Amino acid sequence: MIQPPNPDLWDSDGNLLVPRYGIQIAMRLALLAASAFWLFLFLAEREVHRLSPEMRGGSFPDSLGRTLLWVALPLVPFLFSGLLLSARSEEAIAAGAGVAAALFLIGLLFSIAAILSLVVGFHPSYPVHYGEFMAISSLILSGCSVWIVVSAFRIANKAGWGVFFLAVVATLVVMTWAYHSLGGH
């Protein structure tokens with residue numbers, strides 16, 4: 001049986017009142033910050049290998065196909081969440097918020113780990129200017145991730161908790177499985 005829509009979520013013109021613009025803006029800023037971090041990490045590793053060719057390894061996979069899979073790992077749920085958040089259905093919006101919350105909880109953990117590794121020194125000796133840019137982009141990603149998670153919980157409070165938590169759990173399970181399948185440890 002289909003339940004009637006919650007009247008508190010709709011205005012007199014039939015428009016959904018769930019706030020989505022804040023989370024969408026934060027998601028775009030987080031994408032820019034994560035992309036900047038990746039770019040600065042790539043440039044720093046390239047310069048380290050140029051200055052010390054005997055160093056082996058690095059943060060990036062050897063093949064282009066594997067690199068594309070690593071890029072797709074966060075990008076696919078990001079795009080899926082954005083698509084769901086732009087829907088008119090309150091269940092779709094709650095699911096999109098759940099996917100975003102799970103993805104950016106992972107992003108928050110990543111950015112905190114990146115900041116700690118830069119501060120404590122668990123990284124190769126990156127050139128100082130790249131380390132500063134990586135730290136700044138990690139701080140921006142942390143702030144955006146907190147903004148997204150808080151916004152997602154506010155959306156779930158208005159649109160529904162059931163679909164939200166189902167999307168959070170499903171996203172965390174799939175992301176964990178995909179991470180381990182790609183060889184991340």
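I'm working with a predicted model here.

**Entry 1: H3 against H5**

I looked up helix H3 (residues 90-120) and helix H5 (residues 161-181) and found their axes coming within 7 Å and crossing at roughly 40°. Angles under 35 degrees would count as roughly parallel, so I have H3 and H5 down as oblique to each other. The crossing of H3 past H5 is right-handed.

H3 brings Glu91, Ala94, Ala95, Ala97, Gly98, Val99, Ala101, Ala102, Leu103 and Ile106, while H5 answers with Val163, Phe164, Ala167, Val168, Thr171, Leu172 and Met175. Sorted by class, the H3 and H5 contact has 14 nonpolar residues, 2 polar and 1 charged.

**Entry 2: H2 against H3**

Next I checked helix H2 (residues 64-85), which packs on H3 at an angle of about 150° with the axes 7 Å apart. Over 145 degrees counts as roughly antiparallel, so that is what I wrote for H2 relative to H3. H2 passes H3 in a left-handed crossing.

On the H2 side I listed Pro74, Pro77, Phe78, Phe80, Ser81, Leu84 and Leu85. The H3 side of this contact is Ala92, Ile93, Ala95, Gly96, Ala97, Val99, Ala100, Leu103 and Phe104. The class count for H2 with H3 reads 14 nonpolar, 2 polar and no charged residues.

**Entry 3: Arg66**

I stopped at Arg66, which sits in helix H2.

**Entry 4: the whole chain**

Stepping back, I counted 5 helices and 0 strands. Read from the N terminus, the order of elements is α-α-α-α-α.

How much of the chain counts as buried? I get 39% of the 185 residues. The accessible surface is about 11,100 Å², and carbon and sulfur atoms own 71% of that.

Last, I looked at contact range. Among contacts with a separation of 6 or more, 76% come from residues 24 or more positions apart.

How values were computed. Residues numbered from 1 in each chain as written. Predicted model: local features only at pLDDT ≥ 70, side-chain atom pairs only at ≥ 80, totals over all residues. Heavy atoms only, no water. Axes fitted to C-alpha atoms, helices over the stretch in contact; angles between N-to-C directions. Helix = DSSP H or I, 4+ residues; strand = E, 2+ residues; numbered from the N terminus. Parallel < 35°, antiparallel > 145°, perpendicular 65-115°, else oblique. Left-handed = near helix turned anticlockwise from the far one by under 90°. Contact = heavy atoms within 4.5 Å. Nonpolar A, V, L, I, M, F, W, Y, C, P; charged D, E, K, R; others polar. Buried < 20%, exposed > 50% of the residue type's maximum accessible area, 1.4 Å probe, protein only. Areas by Shrake-Rupley, 256 points an atom, 1.4 Å probe, with all protein chains shown as cover.
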